[in-house]
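Subject: Handing over the structure

Dear colleague,

I am passing this structure on to you, together with some notes on what turned up in it.

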Amino acid sequence: MTSHTFPRVWAILLAALLSGAAPALTQAQAANELHPPAGSRDGWPQQAVRAPHGMVATDEALASHAGLEILQRGGNAVDAAVATAFALAVVEPAAGNIGGGGFMLVRLADGRSTFFDYREMAPAKASRNMYIGPGGKLDKQASVIGMRSIAVPGTVAGLELALKTYGTMKLAAVMAPAIGLADDGFPVSERLAREFQSERSDLQRFSLSRRIFLKDGGMFHAGDTLRQPELAATLKRIAKLGAADFYHGETARMVATDMARLGGLITLEDLANYQPKIREVLRAKYASDSHSWEVITSPPPSSGGVAVIEALNMLQGVPLKGWEDVESVHMVAEVMRRIFADRAAYLADPDFANVPVTGLTDPCYAKEIAATIDPRHASSSREIRAGTPHPCGISAQNLAPPQTIVSLGEGPHTTHFSVVDAAGNAVASTTTLNNSYGSHVTSSAGFLLNDEMDDFTTQPGVPNALFGLIQSEANAIAPQHRPLSSMTPTIVLRDGKLSFVTGSPGGPTIISVTLLSMLNWMRFGMEAQAAINAPRFHHQWLPDRILMERDFPADVETALNARGHETKRINRMGLVNAIGIDPATNDRLGAADPRHNGSAQGY
Ligand code: DON
């Protein structure tokens with residue numbers, strides 16, 4: 001038994017529902033199966049970009065082009081992904097980075113899958129109560145802006161490791177497009193000019209950020225050229241000397257000197273100690289009446305893979321009709337509520353915490369939790385607690401109970417990109433500085449540094465600054481720990497073949513948005529672009545309400561309210577740059593997210 005509430009009468013009804021009607025699973029994605037989007041939005045692309053060989057989908061046309069260029073020169077998906085990631089570090093300064101961290105999920109055409117974890121690490125001088133003032137009050141600024149919010153960056157080490165493990169090209173070759181963009185500059189888009197304007201007050205607090213991104217106060221306008229010579233010089237050193245430059249060489253010395261001069265914690269030793277990790281991917285299988293699906297996704301320190309598998313397990317056999325159907329939205333929102341309650345209690349850095357992944361992702365456990373859902377009425381998050389995860393056949397009582405509870409909010413900005421090459425190798429990668437423009441500090445080596453320390457539990461029992469999190473003790477700040485992440489790069493196979501590559505930014509909404517993209521593809525058989533365009537919603541247990549994108553159908557909201565759900569509209573949620581595979585033609589279907597004017601490019 002779990003500690004989820006369990007109104008018996010509804011459990012019986014739900015069980016009848018689960019065992020009775022044939023699931024409304026679509027047969028999905030054969031030649032004539034790609035359904036056009038319902039209720040699509042003006043000006044948004046209605047069809048994915050189609051190409052027979054390779055595809056790159058990112059937030060930025062210049063970054064997609066960098067990846068495409070590498071594919072066309074004969075590089076594989078990992079070569080192209082590393083090129084894309086470095087290009088994003090130049091053209092998407094809010095989130096693309098070498099001063100942050102990320103995850104890269106690779107699935108090769110021969111079936112091997114690997115998860116590269118280059119999440120940032122807390123420096124040795126970090127401590128559990130480092131953001132708590134003498135009066136016991138949390139300093140909400142310190143973990144999100146300025147030198148003390150910065151964790152040891154992992155991106156350069158992780159990209160080098162991915163390239164060495166599966167790439168075919170030299171680092172210098174895949175970095176060439178990024179170096180060109182930093183050296184020669186690129187035209188500032190309207191969106192980027194607006195971003196600089198809205199980040200102005202925080203960026204101008206740091207002299208290099210002000211000089212590089214605010215034109216020393218003169219401000220960039222759309223069409224101006226943004227050149228980043230310090231970043232170009234750093235990229236050239238990395239291209240020549242590898243990650244050794246970033247962690248042991250001149251770049252390391254520049255970062256450590258900045259830190260010592262301006263009150264940061266990171267030392268040369270912290271940089272030298274940074275290690276990216278290769279972790280085993282999480283896998284789960286789902287059968288529909290005509291297809292078998294396999295989900296390959298992110299293990300801890302991502303919380304997202306566990307959550308997505310737990311959600312899909314709960315939804316297995318639940319009839320879903322679409323997002324204009326209140327029953328479907330209700331059921332998925334109730335599932336989201338429960339996976340977030342479990343995330344709150346159990347997920348943390350697996351190198352230091354005992355995360356019960358097997359129990360959380362077990363279908364038996366999901367069945368128990370799903371049975372607590374009332375199919376007609378909203379549950380109350382006050383009464384929903386994390387469950388007691390256990391695999392089939394093992395008593396739940398033997399496992400430690402959950403620790404503390406979590407509440408999550410939404411926040412900008414992170415970036416997800418997907419790559420598929422001509423051979424069918426696939427990469428899903430999500431990378432971040434945490435907040436938009438991270439700590440807002442630009443190092444003298446020309447790149448923005450993250451504020452990932454705020455993803456830790458900054459004060460037990462008190463919401464952290466960026467996402468309003470009250471997080472578990474297992475995610476407390478400690479030297480060399482990785483903060484818990486929601487980033488969820490994911491790859492889906494259909495009948496054993498590559499089918500869908502997905503993931504998103506959006507803090508905790510990453511998990512919901514990634515899950516919705518998968519349901520749109522796997523369960524509703526939407527065409528790839530339709531799966532990305534479809535309106536999104538999110539429930540994160542606490543606060544107890546459903547967030548809905550602004551153009552979510554009004555009658556669905558009214559019906560949800562009648563069931564007892566509180567709802568709140570937000571402008572947009574997540575940015576999924578996905579690639580689907582057309583099973584009939586094997587074409588790559590690049591579906592970039594129109595919410596950011598993303599770009600899919602193929603050949
Ligand atoms: O790793 C995480 O979960 C967060 N640092 C991600 C932040 C994020 O997605 C903000 N972007 N929209």
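**Around the ligand**

There are 16 residues around the ligand, and those that come nearest are Thr414, Asn434, Glu452, Asp455 and Ser486. Please keep in mind throughout that the model is a predicted one. By type, the shell around the ligand divides into five nonpolar, eight polar and three charged residues.

The ligand taken alone exposes 350 Å², of which the protein buries 97%.

**The protein as a whole**

The protein has 603 residues, of which 66% count as buried, and it contains 19 helices and 19 strands. Among the contacts in the protein with a separation of 6 or more, 74% are accounted for by residues 24 or more positions apart. The protein exposes about 20200 Å², and carbon and sulfur atoms supply 53% of that area.

**Nonpolar cores**

The largest nonpolar core is made up of 85 residues, and those with the most contacts inside it are Phe86, Val90, Ile98, Met104, Phe196, Leu235 and Val419. The element that gives the most to this core is helix 3 (residues 77-91), which supplies 13 residues. Another core, of 75 residues, lies apart from it, and among its members are Val329, Val335, Met548 and Val556.

Leaving aside neighbours within four places in sequence, Val419 is in contact with Met55, Val56, Leu71, Ala77, Ala80, Ala81, Asn425, Ala426, Val427 and Ile579.

Asn97 is found in the loop between helix 3 and strand 3 (101-107). Does Asn97 count as buried or exposed? Its relative accessible area is 3%, and because the cut-off for buried is under 20%, Asn97 counts as buried. The side chain of Asn97 makes a polar contact of 2.5 Å with the side chain of Thr155, and a polar atom of the Asn97 side chain also lies 3.0 Å from the backbone nitrogen of Gly100. With neighbours within four places in sequence left aside, the residues in contact with Asn97 are Ala89, Thr155, Thr431, Thr432 and Leu433.

Ser443 lies in the loop between strand 11 (426-432) and strand 12 (490-494), and at 1% relative accessibility this residue, too, counts as buried. A polar atom of the Ser443 side chain lies 3.0 Å from the backbone nitrogen of Ala445. Leaving aside neighbours within four places in sequence, Ser443 is in contact with Leu208, Val255, Asp258 and Leu449. Although Ser443 and Ser209 are 234 residues apart along the chain, their C-alpha atoms are separated by 8.4 Å.

**Backbone geometry to look at**

Where are the cis peptide bonds that I noted? One joins Pro300 and Pro301, with omega of about 20 degrees, and Pro301 lies in the loop between strand 9 (292-297) and helix 13 (304-315). Another is the bond from Leu542 to Pro543, with omega near 0 degrees, and Pro543 lies in the loop between strand 14 (537-539) and strand 15 (546-549).

Asp216 has a phi of about 55 degrees and is located in the loop between helix 8 (207-213) and strand 6 (225-226); with a relative accessibility of 47%, Asp216 counts as partly exposed. Gln480 has a phi near 65 degrees and lies in the loop between strand 11 and strand 12, where its relative accessible area of 34% makes Gln480 partly exposed.

With best regards

Methods. Residues are numbered from 1 along each chain as its sequence is written. This is a predicted model: local features need pLDDT of at least 70, side-chain atom pairs count only at pLDDT 80 or more; totals for chains, interfaces and linings use all residues. Side-chain values use heavy atoms; hydrogens and water are left out. A nonpolar core is a set of buried Ala, Val, Leu, Ile, Met, Phe, Trp, Tyr and Cys residues joined through side-chain atoms within 4.5 Å. Buried means under 20% relative accessible area, exposed over 50%, partly exposed in between (1.4 Å probe, protein chains only). Helices (H or I, at least four residues) and strands (E, at least two) are DSSP runs, numbered from the N terminus. Contact means heavy atoms within 4.5 Å. A polar contact is a pair of N or O atoms within 3.5 Å; within protein, one must be able to donate a hydrogen and the other to accept it, and residues adjacent in sequence count only if both atoms are side-chain atoms. A residue is near a molecule or strand if one of its heavy atoms lies within 4 Å of it. Accessible areas come from the Shrake-Rupley method with a 1.4 Å probe; for residues, only the protein chains shown count as cover. Ala, Val, Leu, Ile, Met, Phe, Trp, Tyr, Cys and Pro count as nonpolar, Asp, Glu, Lys and Arg as charged, and the others, Gly among them, as polar.
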